[in-house]
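Please consult the sequence and the structure shown below while reading.

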Amino acid sequence: MARSLVDLLTAHASQQPDRTAYRYLVTGDCGGEIQNISYGRLAGRSRAIAAWLQERGLAGSRAMLLYPPGLEFICGYLGCLSAGVVAVPGVPPQGRSQNHRALTRMKRVIADADAKVILGGREVIAALGAMAEHLPELAEITCVATEDIPDEAAGSWREPDLTADSVAFLQYTSGSTSAPRGVMVTHGNLLDNERVITERMGHSPDMIAEYDHELFVSWLPVYHDMGLIGPVLNTVYLGATATLFSPLHFLQQPGRWLTALSRYRPHTSGGPNFAYELCLKHAAPDLIDGLDLSRWKVAFNGAEPVRAATLRRFSETFGTAGFRREALYPCYGLAEATLMVTGSSVEAPPTLIEAAATGPHAGAADAAAVSSGRPGPGMTVVIADPERQEELPEGEAGEIWVGGASVAKGYWRNTLATRETFRATLKGREGRFLRTGDLGFLRDGELFVTGRLKDLIVIDGRNHYPQDLELSAEMSHWALRPGCTAAFSVDSGVEGERPVIVAETAPEVAGESEKINDLIRSAIGEAHGLSLHDIVLVHPGTIPKTSSGKIQRRASRAAYLDGTLSVVDAPATS
């Protein structure tokens, strides 16, 4: 029985050394340069990097991984696992606009993880050398471009002494509501969550054979849990093939994703809700006419609120290209549970609950609540009242608590936060639970996620989910970009806490701010009985989001209070 992904990589390299593990579309285009790596080559490169780490006595220490998109990251990551070194995926500073933010985060992660070595691509390592004055920490850290480690080094590799409880890597959270923390994911956690993904997404041996091992197409960032644990590691877990390309190439031309799906015809591919919206925005007839999406069996959608409107429009728009509504696959997960917690049913359309006839969005089909599916095998999901530590009855909203072997060990060097988040107990139930900080309810065994506990807006003693206010605002005018609105409250003085809406608008409606403001106010007033303190319309792409695409409401609130939002017109204050 495999003890780790290292064992599985060794087995695949022995049994099918020539099979392609990953292909990388260098330009993002199927017709451009393509790099391939076989299982034999992948195992060899991973062992060479592992041996280099072992020879320097780094087993058990932390290695920061700073790579541009590409295959070298995978070799570096699996090299760390093969050496018994704790991998710490990070984002390399790149581009003038990203430098300060990326540098600040990188410095904090290096310090928090106490990284002893930095592995990266040649260009990244050279760039770090030029940043010495901004990164004095590097003086104490060995930096190496892993391409420069010779293949021959693999000969001195020694199999690491790994147990299920050994930490495989630190996944630093993207920090939608708090400062990022390093989640300690063990080798046991990884294997269990790969088992969950495999079962929930229908990745059976028969399916893999039917698809000729073409399992994934992915542009998702590999330093983020959705892109790493899913497309990259589930591929090596199963000995299948994945096609990868850069997130930037997807953002530049979203049609590249659909073209790659049509060309390689994998079973599974997906991303956050905004990715599907981007495809809809660029769905020109000539693109759709050239696609065949009939083999796309699992189109997973997670990491941010899943919109019923997005699901409907995507299946309608791309149905002529063979896309089936049954392929839509909302799911839920988080880094603290390695990744996947719940997933929809393969071959069944998503479960929707219509908006209440008397509540907000009454009768609006696009305001339906979307199920994130059922817990994976061995996963326990309960809805709890966190104050009373009691399980709530079905249908009642509360905090989502999770139990199972996929739940991570805790936060790196943060005993207090680990105790608060990973050690919750529930009256009448044995064992400990992970407090997710997410709100939701269960119905017929399916999970419906409704928001974040810390984002809850309380006005005059009544609770309001920001997602509900954001949806009402977005539905009021076509120019408000789906998934690009932030709702939060501020202290208005005499009247106490009152809500604010910050929304991205399409550039073509410049000059219509007053009309849009009136529509938003009316929609919020009618649906929620709330009077808005302020509405701020901002330029596209400027609302703060996490690396996985989640709206950062607290960061949006801070920018609003600081006056640093990229405002289209002067805000309308009541």
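## Pockets, cavities and helix contacts

The lining of the second largest pocket consists, by class, of six nonpolar, two polar and five charged residues. In this classification Ala, Val, Leu, Ile, Met, Phe, Trp, Tyr, Cys and Pro count as nonpolar, Asp, Glu, Lys and Arg as charged, and the others, Gly among them, as polar. The model is predicted, so local features need pLDDT of at least 70 and side-chain atom pairs count only at pLDDT 80 or more, while totals for chains, interfaces and linings use all residues. Residues are numbered from 1 along each chain as its sequence is written, and side-chain values use heavy atoms, with hydrogens and water left out.

The second largest pocket holds about 250 Å³ of space. Its lining has 13 residues, and those closest to its centre are Ala309, Arg313, Glu474, Met475 and Pro482. Helix H13 (308-318), helix H15 (466-475) and strand S26 (480-491) are the elements that give two or more residues to this lining. Helices (H or I, at least four residues) and strands (E, at least two) are DSSP runs, numbered from the N terminus.

Pockets and cavities are found on a 1 Å grid over the protein atoms alone: a cavity is a set of points where a 1.4 Å probe fits but cannot get out, a pocket is an open set with protein on both sides within 12 Å along at least five of seven lines, and lining residues have an atom within 4 Å of a point. Grid points are joined across faces, edges and corners, and a volume is the space filled by probe spheres set on the points.

By this rule there are three cavities of 30 Å³ or more. The largest cavity holds about 80 Å³ of space. Among its 11 lining residues, Glu304, Pro305, Arg307, Gly483 and Ile551 lie nearest its centre. By class, this lining has two nonpolar, four polar and five charged residues.

The second largest cavity holds about 40 Å³ of space. Val6, Leu9, Thr10, Ala43, Ser46, Arg47, Ser82 and Trp157 line it, and H1 and H2 each supply at least two of the lining residues.

## Helix packing

Two packed helices are described by the angle between their axes and the distance between the axes. Axes are lines fitted to C-alpha atoms, for helices over the stretch in contact, and angles run from 0 to 180 degrees between N-to-C directions.

| Helix pair | Axis distance | Angle |
|---|---|---|
| H1 (residues 5-15) and H2 (residues 39-55) | within 8 Å | roughly 135° |
| H2 and H3 (residues 71-83) | within 7 Å | roughly 55° |
| H11 (residues 273-281) and H13 | 10 Å | about 40° |

The angle of roughly 135° makes H1 oblique to H2. Angles under 35 degrees count as roughly parallel, over 145 as roughly antiparallel, 65 to 115 as roughly perpendicular and the rest as oblique. H1 passes H2 in a left-handed crossing; a crossing is left-handed if the near helix is turned anticlockwise from the far one by less than a right angle, and right-handed if clockwise. Leu9, Thr10, His12 and Ala13 of H1 make the contact with Tyr39, Gly40, Leu42, Ala43, Ser46 and Arg47 of H2, where contact means heavy atoms within 4.5 Å.

For the next pair, the axes cross at roughly 55°, which makes H2 oblique to H3. The crossing of H2 and H3 is right-handed. From H2, the residues Leu42, Arg45, Ser46, Ile49, Ala50, Leu53 and Gln54 meet Glu72, Ile74, Cys75, Gly76, Leu78, Gly79, Cys80, Ser82 and Ala83 of H3. These contact residues comprise nine nonpolar, five polar and two charged.

In the last pair, H11 and H13 pack at about 40°, which makes H11 oblique to H13. H11 passes H13 in a left-handed crossing. Asn273, Tyr276, Glu277, Cys279 and Leu280 of H11 meet Thr310, Arg313, Phe314, Thr317 and Phe318 of H13.
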